[in-house]
Every structure is written in structure tokens, then in C-alpha cells.
Protein chains: 2
Amino acid sequence: MDLLIIAPIASSASIASAFYLYRYVNRHDAGSPKMREIADAIRVGANAYLKRQNMALALFVVVMAIILGVALVSHHLAIAYILGSLCTTLAAYFGMNAAVRANARTANSAKKGLDKALPVAYFGGAVMGLSIVGMAVLGTSILYYIYSHIYPDPKMALNTVLGFSFGASALALFAKAGGGIYTKTADIGADLVGKVELGIPEDDPRNPAVIADNVGDNVGDVAGMGADLTDSYIAGMIAAMLLGAAIYHEAKYIILPLLVKALGIVASIFGILFVRVGIRGNPGAALNRATFATCIIFTILLFLTVNFLNLGERGLGIFFATVAGLIAGVIMGITTDFFTSIDRTPVFKTAESAKTGAAINILSGFSYGILSIIPPIIGIVIAILASWNISLMFNVNPFYGIAMAAVGMLATLGTVIAADAYGPIADNAKGIAEQSGLGEEVIEAVDRLDAAGNTTKAISKGFAIGAAALQVIALFFAYATEVGIPQMVINLMDPKVLAGVFIGAMMPPVFSALLILAVGKNAHRMVEEVRRQFREIPGLMEGKSKPDYAKCVDIATKGALRELIPSGILAIAVPLAVGFTLGKEALAGFLGGSIVTGIIFALLMANAGGTWDNAKKYIEEGKFGGKGSDAHKAAVIGDTVGDPFKDTAGPSLNTMITVMALAATVFAPLFL
Amino acid sequence: MDLLIIAPIASSASIASAFYLYRYVNRHDAGSPKMREIADAIRVGANAYLKRQNMALALFVVVMAIILGVALVSHHLAIAYILGSLCTTLAAYFGMNAAVRANARTANSAKKGLDKALPVAYFGGAVMGLSIVGMAVLGTSILYYIYSHIYPDPKMALNTVLGFSFGASALALFAKAGGGIYTKTADIGADLVGKVELGIPEDDPRNPAVIADNVGDNVGDVAGMGADLTDSYIAGMIAAMLLGAAIYHEAKYIILPLLVKALGIVASIFGILFVRVGIRGNPGAALNRATFATCIIFTILLFLTVNFLNLGERGLGIFFATVAGLIAGVIMGITTDFFTSIDRTPVFKTAESAKTGAAINILSGFSYGILSIIPPIIGIVIAILASWNISLMFNVNPFYGIAMAAVGMLATLGTVIAADAYGPIADNAKGIAEQSGLGEEVIEAVDRLDAAGNTTKAISKGFAIGAAALQVIALFFAYATEVGIPQMVINLMDPKVLAGVFIGAMMPPVFSALLILAVGKNAHRMVEEVRRQFREIPGLMEGKSKPDYAKCVDIATKGALRELIPSGILAIAVPLAVGFTLGKEALAGFLGGSIVTGIIFALLMANAGGTWDNAKKYIEEGKFGGKGSDAHKAAVIGDTVGDPFKDTAGPSLNTMITVMALAATVFAPLFL
């Protein structure tokens with residue numbers, strides 16, 4: 001139990017490193033007044049959105065905390081819930097502020113060369129990565145320490161810590177889905193009128209929606225994605241701790257998941273240092289080097305720790321199961337990349353089909369999006385079967401073994417988020433360089449940074465969705481243990497379970513449909529506004545007067561918040577309704593069904609969107625008629641369809657299934 | 001057991017009625033030489049496709065029969081398999097020939113008024129309806145009679161009869177998927193070049209792909225849909241018989257599903273007579289009257305039969321469970337209609353969003369397509385829970401009760417197919433009336449027939465998919481009984497079962513992606529060909545020379561067959577691979593997973609397609625700018641995306657999950 005101290009130490013080190021990197025980024029020059037002006041507009045817009053969102057959500061969090069406290073007669077649970085929400089909010093806020101400071105500084109550093117710009121962009125992303133995993137592990141370890149002194153039964157203590165996870169997840173759902181609606185409203189609005197109707201370039205300062213669009217990249221991708229991955233990370237960790245408590249009743253096994261995460265954090269801090277590139281180097285390779293270095297350091301630390309803990313053959317089993325999860329995660333990311341990579345068959349075929357028109361282009365991207373579910377699903381299946389069999393071989397409880405595989409899969413999350421948050425920073429840097437008229441050489445450098453960001457984003461998205469599925473499977477086992485389903489049997493032939501499976505399976509697609517409809521509704525308003533400004537503001541098209549950026553930011557913000565709440569409540573209310581009316585077995589079936597379709601729709605949408613996006617970029621490189629051709633117009637339509645797929649609905653689904661599983665587990669005592 | 005004689009008598013009566021209606025249709029005049037010419041081209045094209053398809057499939061059927069015979073050491077099974085394939089082929093062939101004869105005759109009768117034209121179109125569809133259910137029940141009852149004399153154990157006999165179902169399903173899969181690829185290749189090819197690029201009307205005789213398009217309606221919708229629904233019909237019936245044999249070991253319960261189907265046939269024969277309409281009447285209402293009349297007659301006959309069989313309280317339980325299935329089916333059809341109906345919110349909103357461009361139109365239709373899964377899934381859940389609880393109340397085995405609900409849901413299939421096959425007949429009649437320049441009044445009459453057909457088609461599609469899901473659930477129970485899974489427990493917490501669920505859930509989306517890619521590939525060829533003809537044939541655009549119709553028919557045919565085989569083999573090979581490597585429990589999980597995503601993707605695709613289609617039609621009625629406006633162009637893109645969704649991939653999925661469940665059950669002895 002004394003070993004528990006490692007967790008707060010490692011996580012505090014992580015937060016301290018994040019602060020250090022934040023100051024490192026800030027020490028760089030933000031460039032010309034023009035560049036500062038654009039960057040400031042983005043930062044102000046992003047913070048305005050976040051502030052508004054947080055105020056709306058604060059009310060929700062308080063209401064929910066009261067419900068939790070009253071319904072389950074536990075003010076500790078309510079406090080943990082609020083702390084979880086706060087932690088995620090703070091980390092997202094901090095990370096996003098680093099990102100919106102890093103963008104102009106990256107563009108400015110690019111004047112001195114690629115090698116100078118990459119660290120600014122990457123360390124800007126690493127602030128998010130390190131602060132968020134630090135907060136997660138710090139919060140969990142401190143709460144567990146306190147509650148294990150209040151409750152003599154570690155299971156009771158962990159049930160309360162689960163409130164922390166629930167708070168983090170509920171907030172992540174809103175951050176991801178709300179941010180997703182925001183960013184796509186702005187993006188579609190800017191593109192449809194600007195690029196398609198008026199033929200002006202992307203990121204053109206004449207476009208009234210351009211600032212909202214740049215804000216959106218930060219709100220949706222940095223803040224949203226950070227919050228999103230973290231919630232799986234926490235849920236998987238606590239699920240493994242719960243299984244450890246239920247199965248082994250021994251402190252070592254309970255705190256092991258926490259320790260593993262702490263090791264992952266240490267590995268991430270060192271791994272991040274591996275990002276370096278020459279003036280003519282390949283930034284993508286540099287990012288991958290950091291990821292692989294982190295994995296290797298983590299594996300070594302894990303092996304040493306397991307030996308130190310003296311768990312005997314069981315230790316070896318846990319080591320292999322954890323590493324199996326880690327490897328499966330890496331493979332998932334890389335294979336998924338095939339379907340969205342610009343130099344592979346799916347993107348080529350989708351771009352080619354744009355020659356026949358938008359419809360065939362859309363059908364092609366959609367189909368490849370579906371086919372992209374094959375590698376991650378096989379990855380999950382192998383991770384499950386491998387860790388199960390390894391567990392049986394080494395005398396580890398197989399449920400615990402699968403949960404440790406899930407913990408291992410996300411252990412190196414710090415580096416993953418860093419690479420992921422790097423994407424929008426590079427994207428914004430490119431936008432700022434273009435809008436402020438930096439030289440061609442600078443634009444080429446940031447363009448290369450941006451391209452590398454798109455690939456890392458695609459890889460980490462595939463990885464994130466697959467990993468989330470495995471975390472929720474661990475949570476599903478934890479739920480079953482929690483409600484004491486007799487001998488852990490959930491029988492598919494029981495009509496109530498079958499009914500639960502059907503209803504659960506229905507939830508993720510329905511949730512994504514609601515989000516997409518929200519984007520469509522909001523984008524419609526945005527398009528009308530952008531058209532109005534071009535019509536009514538004299539001299540706008542000629543660049544003689546300035547558009548009203550703030551109005552567009554406002555439309556995107558208001559719409560996102562209004563459309564968000566009903567779908568969010570659905571995710572908490574439906575599992576509880578199933579539990580109360582059909583019972584705990586049906587709810588288990590419900591969770592199972594939701595995991596299956598959740599991962600399928602999340603992958604399908606994320607990857608179809610990526611394929612369309614890159615097919616468009618491929619044509620813009622001059623293929624199949626190039627920019628302005630009919631094929632290009634068709635590809636732009638495909639890309640627009642893909643926008644809410646890949647940036648709103650797809651990435652919200654992992655959080656949604658996590659929230660549902662947490663709601664089920666936290667409220668379980670009520671329908672027992 | 002003597003009661004079994006009712007089944008062959010009723011089904012023979014059904015086939016005889018089909019012959020009578022076929023002659024009734026043929027007695028009508030096919031109209032002017034111009035009309036005959038067009039109708040002949042369609043008939044010749046359709047038969048050419050069917051002949052080619054059947055030749056290709058004959059080889060497949062023989063190979064498969066040999067595999068079955070050798071692997072399971074049963075030549076009876078091989079023979080039953082061949083008979084099942086033959087029965088479906090014959091019924092589809094016969095029904096399609098009635099349809100291609102009814103189209104010109106409907107158009108010609110419309111000269112004398114709507115009241116004269118409706119019976120020709122409807123009875124033309126009824127030929128398909130009555131012949132196909134007749135063949136199904138006749139084949140099943142005779143085979144069961146023979147095999148129950150060869151094998152003393154009724155379960156053994158039924159296992160062999162299952163070969164009949166497997167043959168029918170395998171053929172249905174090819175007919176539906178192949179027909180679906182064919183029809184959409186032609187449709188997209190004709191529309192993209194004709195309507196979009198050149199702005200000539202639909203069904204314009206100058207368009208080289210127009211005959212292929214008309215052929216496609218018959219090949220895909222009549223032959224394909226007929227084969228498709230029948231295979232669920234047979235599978236559900238034999239699954240119930242198998243459960244009856246396994247649970248009750250009593251002849252009464254074994255033959256009851258057959259008897260219920262026979263009653264449904266009798267009710268359909270009488271129900272069809274209710275289709276009558278005045279000269280100014282509403283053809284849609286007339287079609288619905290037939291459906292409701294059939295349901296009422298069926299319910300009365302069922303009540304009398306159950307009483308006659310002297311089953312005591314159990315009889316009442318079976319009666320209620322069966323009727324619960326019937327009612328759930330009707331409700332599913334009607335509620336699903338909401339999402340695709342031209343005068344409801346989803347279609348209106350989707351049409352409205354076309355004003356913002358094609359992308360938002362597509363996103364809207366896609367989202368409503370997803371939301372449309374809610375009513376059928378709730379319908380299935382209620383059907384399962386209701387029949388389960390009714391069964392427990394009346395001392396019926398609940399698995400048998402659910403199977404009887406499935407039998408009841410599809411009992412009135414004769415009328416359902418009749419209304420469904422009516423659709424393409426009316427559609428073709430409209431095409432012929434326009435192409436041969438009949439007067440405005442005639443065109444208006446056939447237009448109203450066509451509109452009614454679109455609604456019945458939408459209703460029966462929703463119904464068909466929901467019903468198929470319940471049949472496969474019955475089959476899933478039959479499989480579990482067959483492989484003797486201990487005490488009928490399939491544990492979701494067993495990692496092998498979980499792995500099976502994931503792999504199974506992956507199958508339907510992957511299958512539909514392969515079909516859509518096939519359509520895209522083939523449509524690409526068709527577009528090139530149609531463009532070539534307009535470019536190279538002098539005077540074609542001016543209507544001075546004739547296009548090469550045959551070339552287009554040929555491209556559609558060849559492509560369909562080439563793309564088809566790999567996906568078909570997948571549907572049989574993967575379940576067997578899962579069974580052999582992961583075992584019978586995993587295979588059960590596999591089937592469960594496939595049912596869940598199968599129904600979700602089938603409904604999503606069928607209904608999104610219907611919504612886009614009707615949104616386009618709504619704009620064509622003059623709303624949001626009407627024909628030729630930007631909104632209309634956007635809606636045409638949405639409609640084109642929807643084409644393979646609703647007519648290729650969506651409707652193939654029910655057959656696909658049935659084939660997988662049958663493959664699992666038939667080959668079960670091998671992995672026991």
C-alpha cells in the first residue's frame with residue numbers, strides 16, 4: 001500500500017513538466033502584429049466558448065451531484081463527481097490555452113526552419129497530454145487514499161472513487177459532443193459559402209466564419225479530444241481496481257492499475273524528449289519515434305515493477321496481458337491508418353470515384369469507412385482472447401487479466417494526446433501563416449507540420465476508439481461483478497438480456513444521428529449568416545472591409561449548447577430506465593450491445609470522414625483534374641459529409657458508451 | 001399428423017390461384033405496338049439477366065450440394081438443398097414473368113380508368129405472392145412428410161428439411177444482392193448522365209441505360225424481394241418446427257407452424273380479393289384493405305384451428321403469442337413509414353436541407369435513417385418480451401412461443417409480397433405510358449398507382465426487415481437447441497462468446513460495404529458507356545437515332561455476377577470458420593451479434609434511401625425551387641447515394657443473416 005505514493009509523485013511530476021513546457025512555448029515570439037491579432041482572435045473565441053460551455057455545464061454538474069448524493073445517500077460520491085468534472089475541465093482549459101498560444105509561435109518559429117517549429121508545436125500539444133494524465137492519476141490516487149481510510153471495505157472506497165470517473169466522463173461527453181457541434185458548424189459554414197459558392201481559399205480572412213472555424217479546431221480537437229481520451233483512461237483504471245478488489249481482496253492487486261498508469265506517465269515524460277527533427281527531416285517520423293520510445297520505456301519499467309512486487313508467476317501473467325494490450329493498441333492505430341492515408345488504395349479509389357460525381361464519391365468513402373472496422377475489431381478480439389488465455393496460463397483471474405490489458409493499452413496516453421493535440425496546433429499555425437502572408441518557404445514548412453499532424457491524428461483516432469472499447473469491456477466486467485450477477489453469467493438466451501442488447505445497440509447510432517442533425521441545423525444558420533454578410537457588408541468580397549467574426553462565433557456557440565443537453569441526458573437516463581424496468585441482467589445486455597455498435601459506428605464515422613478528407617486533398621494535389629474541377633467539387637461534398645462524421649459523432653461515441661457503463665455501475669445499488 | 005395434409009392442399013390452392021391470376025393478367029390487351037415493343041424489351045432483358053444469373057448459380061448450387069452431401073454424409077440433405085434453390089428460382093421466375101407482362105397491360109387498362117388498371121397491376125403482383133408462399137409450404141410439407149418416414153426421429157427429419165431452407169436462402173441471397181447490384185448499376189448510370197449531366201427526363205427513350213433501368217426494377221424488386229422474404233418465411237417456419245420437436249416431441253407441436261402458414265395462405269387468397277377501387281378512389285387505401293382483411297381472416301382461422309387441436313390453455317398461449325407477432329409486424333411497418341413518407345417531417349426536413357447543399361441533405365437523410373431504427377427495434381423487443389411472458393402465463397415453452405410469434409409475423413406474407421411486387425409493376429407502367437406518349441390523363445392515373453406503390457413498398461420493407469430479424473432470432477434458439485448448449489446458456493461474459501459477438505456484428509456492415517463498392521464500380525462502367533454512346537452515336541440526343549440498349553443491359557448483368565460471388569461465399573465461410581476455431585458458443589455469439597447489427601444497418605440503409613428518394617420527389621413537386629433548382633440537384637445526389645443503400649445493401653442484409661444462421665445450424669454436427 002505504501003507503493004501507492006508512486007502514483008501522486010509521478011502525476012505531480014507530469015503536471016510540473018506540463019507547466020515547464022507551457023512556459024517553454026510561451027518564451028517564443030508570437031510574430032508580427034498581424035499574426036498576434038489572428039492568434040488573439042482565436043484564443044479569445046476559444047476561451048469565450050469554453051467559458052460559456054462551462055457555465056452551462058456547471059449547473060448540470062451540480063444537479064447531477066445532488067441527484068447522486070441523494071439517490072445513493074453518499075455525499076462523498078457527490079464530491080468525487082464534482083472533482084472529476086473539475087479535473088477534466090481544468091486540464092482541458094490549461095491544455096487548450098497552451099495550444100492557442102503555440103499556434104502563432106509555431107508559425108513564427110517556422111521562419112527559422114522546420115527544426116525550430118516542430119518542438120513548439122509538439123510541446124504545445126504535450127502540455128495537454130501531460131497535464132491531463134497527471135490530473136487523472138493524481139485525482140484517482142488521492143481520492144482512493146482518502147476513501148480507503150473512510151471505508152474499511154476497499155470495494156466501497158472504489159465505488160466512491162467511481163464518482164470521480166463518472167464526473168470526468170459526463171463532462172468529457174459534453175466537451176466532445178458540444179465541441180464537435182461547434183467546430184463542424186463553423187467548418188461547414190465557412191467551406192460551403194467560402195470555398196464552394198464563392199471560390200475563395202480556405203482560411204481566407206474575408207470569410208466571416210474563418211475565426212469560428214479556427215476556434216473550432218481548438219475547441220473540438222484539443223479540448224474535446226483531450227477530455228475524451230482521459231475519461232476512458234480513468235474508467236479503465238478504476239474498473240481494473242474494482243475487479244482487483246472484488247477478486248483478490250489484496251492491496252497489491254487493487255493499486256497495481258494505478259501503478260501501471262504511473263509508470264506510463266513516467267515513460268511519457270521521457271518519451272516526449274525524443275521528438276527532434278533536422279531542418280529537412282520528417283516530422284511524422286519524429287512523432288512516431290516519441291510514441292515508440294514511450295512504449296519501450298514503459299515495458300521495461302513495467303517488467304521491473306512486476307518483479308519488485310513479488311507476484312510470482314501471476315506477475316508474469318499480468319505483465320504479458322498488459323503488454324498484449326499495449327501491442328494490440330499500437331497495431332490497431334497503424335492498420336486503421338491504411339484506410340485514411342493519402343497514399344493508399346481507399347483514398348485513391350474514393351478520389352477517383354469523385355470523377356463520376358459526388359454520390360459515388362460518398363458511397364466509396366462510406367464503404368471504406370465500414371471496411372476500416374475490420375482491423376480494430378480483430379485487434380480487440382485478439383486482445384481479449386490473448387489476455388484471457390495468458391491469464392489462465394499464469395494463474396491470473398482472466399477478468400482481471402483483460403482489465404490489465406485495457407490498462408496497458410492506454411498507459412502511454414500522455415504521448416498519444418501530445419501527438420494528437422499537435423495536429424490542430426500545426427493546422428492553426430498553417431492558417432495563421434497563410435492569413436498573415438508569411439513567405440512561401442514558411443508556408444511550406446508549416447504545411448509539412450500539418451500533414452504529419454493529419455496522420456498522427458488518424459492513427460490516434462483509430463487507437464482511441466479501439467482502446468475505449470476495451471476499457472468499456474473492463475467496465476462491463478466490473479459492472480457484472482458489482483451487481484453480483486450469479487457466477488458472472490449474462491445469458492444471451494434470456495429474453496430480457498436479448499431485449500437489453502437490442503436497446504443498447506440502438507443507442508450509439510441514435511446518439512450520433514442526433515448530433516449530426518444538430519450540426520446540420522446549426523450549419524444551416526451559419527450558412528445563412530455568412531451569405532448575409534457577403535450580401536450586406538459592402539466591399540467584403542473585395543477585401544476592403546472586415547467581416548463580423550464575432551457573430552459567427554456566437555452562432556456556433558449558442559447552437560452547440562442548445563443541441564447538446566437532450567442527447568447528453570439520454571445517455572444517462574436510458575441505461576437507468578433499462579435497469580429499473582428490465583433488471584440488472586438486461587442492463588448488462590444493454591451495455592454489451594452498446595459497446596458493439598458503439599465501436600462500429602465510431603470507427604465507421606471517424607474513418608469514412610478521414611478518407612473523404614484526404615480524397616479531397618489528393619485531388620487538390622492536382623490529381624483527377626485538381627482544384628476547381630468537377631471531381632474536386634464532388635470531393636468537397638464528400639468532405640463536408642465527413643466533417644460531422646469524423647469530428648462530431650464518431651469521436652463522441654466512445655465517451656457515450658463509457659458514460660452509460662459508468663451510469664449503470666454507479667447507480668447499480670438502486671436496482672439490486 | 002393427418003392434419004399435415006392441410007398444408008399441401010392450401011399451398012396447391014395458392015399455386016393454382018397464382019396460375020389463374022397469371023391468365024387473368026394475360027387476357028388484357030398490352031396496348032399499341034410501341035407499348036408492346038418497350039414491354040418486350042424489358043421482358044427480354046429481365047429474362048436474359050435471370051437466365052444468366054441462374055446458370056452461374058446452378059454451378060454454385062451443385063458444388064454446395066456436394067459439399068453438404070459429403071461433409072454431413074447425407075444425400076437427402078443435398079437433395080433438399082437443391083430443391084430449395086429450385087423452388088425459389090421457379091417462383092421468382094414465374095412471378096417476374098407475370099410482372100413484366102402486367103406492366104404494359106396496366107398502362108393500357110389505365111386508358112379506361114384507374115379502377116380498371118389497379119387490379120391488373122395488383123393481381124400481377126399477387127402471382128408472385130401466391131406462387132412463392134405456395135411453393136415454400138408445399139416444398140416444406142412434402143419434404144417433412146417424406147423424411148419423417150425415413151428418419152424415426154423427427155429432429156433428424158427436420159434437420160434434413162433445413163437443407164431446403166438453406167438452399168432457398170442461399171439462392172435468395174444471390175438473387176437479392178445480384179439483382180440489387182444490377183438494378184442500381186442501371187439506375188445510377190441512367191440518372192447520372194441522363195438527368196444530371198444532360199437534363200433529359202427520367203425514362204427518356206434516348207437514354208441508352210433506360211431499358212436496363214426498367215429491367216432492373218423487375219430483377220431487383222420483384223424477383224429479388226420475392227426470393228428474399230420467402231427465405232425468412234421458410235427459415236422461421238422450420239426453426240419453430242425444430243423447437244417444437246426438441247421441446248415437445250409431439251407431432252401436433254411440430255406441424256403447428258406449417259399449419260399456421262397454411263392458414264395464412266388461405267387468408268391471403270381471400271384477402272387479395274379485397275383490392276377494389278372506384279374511378280376516383282385511393283389505390284393506397286385499397287391495398288391496405290387487402291392487408292388488413294388478410295390479417296383478420298387469418299386471426300379467425302387461427303383461433304378455430306387452435307381450438308380444434310385441443311391444446312388446452314397452451315393452445316390459447318400459442319394463439320396469443322402468434323397474434324402478438326402479427327400485430328408487432330403491422331405496427332413496425334406503419335411506424336417505419338413515418339420516416340420515409342413524403343408528407344412527414346423527416347422527408348420535409350431532408351428536402352429543406354437540400355437548400356444548403358448536397359452534403360447537408362445527405363447528412364439529414366442519413367440521420368433520419370438512423371432514427372427510423374427505433375420503432376422496429378422497440379417492436380421486436382416488445383414482440384420478444386410479450387410472447388415470452390404470454391408463453392410463461394399459459395404454460396407454453398417460451399422459446400417455442402417466440403418462434404410462433406415469428407411464424408405469425410410472416411404468416412400473411414402472400415398479401416405482403418403482392419403489395420410489394422405491385423410497386424415495380426406500377427412504376428414500369430408509368431415508364432411505358434411516358435415513353436409511348438399516352439395522354440396526360442392516363443399518365444396521371446398510372447402516376448397515382450405508382451405513388452401508392454411507393455408507400456406500400458416502404459411499409460413492406462420496414463416490415464420485412466423487422467420480421468426477418470425475429471425469424472433469425474427463432475433460428476438462433478433453434479441453433480442453440482441443436483448444438484445442445486448446456487441448459488441453453490450463452491454467456492456474454494465468456495470471452496469466446498464476446499469475441500464471436502464482435503466478429504458477427506462486423507459481418508453485416510462489411511457485407512453491405514462490399515455490395516456498395518460493387519455498385520459504385522459497376523456504375524462507373526455504366527456511366528462511361530452511356531457518355532460514350534451520347535458522344536459517338538450521331539443524332540442520339542436529337543432523338544433521330546436509337547441507342548444501344550443491349551450493351552447497357554450487358555454491363556449491368558456481367559458486373560453484378562462478377563461482384564457477387566465473393567461476398568456470397570463470405571456469408572457461408574465465416575460462420576463456419578468461427579464455429580471450427582472458437583467453438584459452438586462463440587458461433588452462437590456470432591449469430592447474436594450479426595442479428596443486432598444486421599437489423600440496424602438494414603433499416604438504416606433502407607429508410608435513409610427512402611427518405612432521400614422522397615425528399616427529391618417532394619422538391620420535384622415544386623417545393624424549395626422545384627425541378628432544376630440547386631436544391632433539386634442536391635437532392636438528386638442524395639437520392640443517388642440512397643439507391644444502393646435502399647435497393648442493394650439494405651434489403652440483402654436480412655437474407656445474409658438468415659444464411660449465416662442456417663449455415664451454422666446445418667453444419668452444426670461438424671463442430672460438436
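Which side chains meet in a salt bridge at 2.8 Å, N to O? In this predicted model, the pair is R532(A) and E529(A). Both residues sit in helix α16 of chain A, which covers residues 495-536. They are three residues apart there, or about one turn of the helix. Zooming out, a search of the whole structure turns up 42 salt bridges over all chains.

What about the boundary between the two chains: how many salt bridges link chain B and chain A? The count there is zero. Polar contacts do show up, though, with six residue pairs between chain B and chain A, both partners at pLDDT 80 or more. On the side of chain B that touches chain A, the elements giving two or more residues are α5 (154-198), α11 (358-371), α12 (374-393), α15 (440-482), α16, α18 and α19 (630-666) of chain B. The top contributor is α16(B), with 21 residues. By residue class, this side of chain B splits into 57 nonpolar, ten polar and three charged.

As for the extent of the interface, 70 residues of chain B are in contact with 70 residues of chain A. The size of an interface is often given as the accessible area lost when the parts come together. Here chain B and chain A bury about 6,000 Å² between them, and 88% of that falls on carbon and sulfur atoms.

Then there is the empty space inside. Rolling a probe the size of a water molecule over the atoms shows where such space is left. The tally for this model is nine cavities of 30 Å³ or more, and the largest cavity holds about 90 Å³. Its lining draws on both chains: from chain A come L492(A), V501(A), G592(A), G593(A) and V596(A), while chain B supplies L492(B), V501(B), A505(B), G592(B), G593(B) and V596(B). The elements that put two or more residues into this lining are α18 (584-620) of chain A, plus α16 (495-536) and α18 (584-620) of chain B. Sorted by class, the lining of the largest cavity has seven nonpolar residues, four polar ones and no charged ones.

Technical notes. Residues numbered from 1 in each chain as written. Chains lettered and ligands numbered in written order. Heavy atoms only, no water. 1 Å grid on protein atoms, 1.4 Å probe; cavity = no way out; pocket = protein on both sides within 12 Å on 5 of 7 lines; lining within 4 Å. Points joined across faces, edges and corners; volume = space filled by probe spheres on them. Helix = DSSP H or I, 4+ residues; strand = E, 2+ residues; numbered from the N terminus. Nonpolar A, V, L, I, M, F, W, Y, C, P; charged D, E, K, R; others polar. Contact = heavy atoms within 4.5 Å. Buried area = accessible area lost by both parts, 1.4 Å probe. Salt bridge = Lys/Arg side-chain N within 4 Å of Asp/Glu carboxyl O. Polar contact = N/O pair within 3.5 Å; in protein donor to acceptor, adjacent residues only side chain to side chain.
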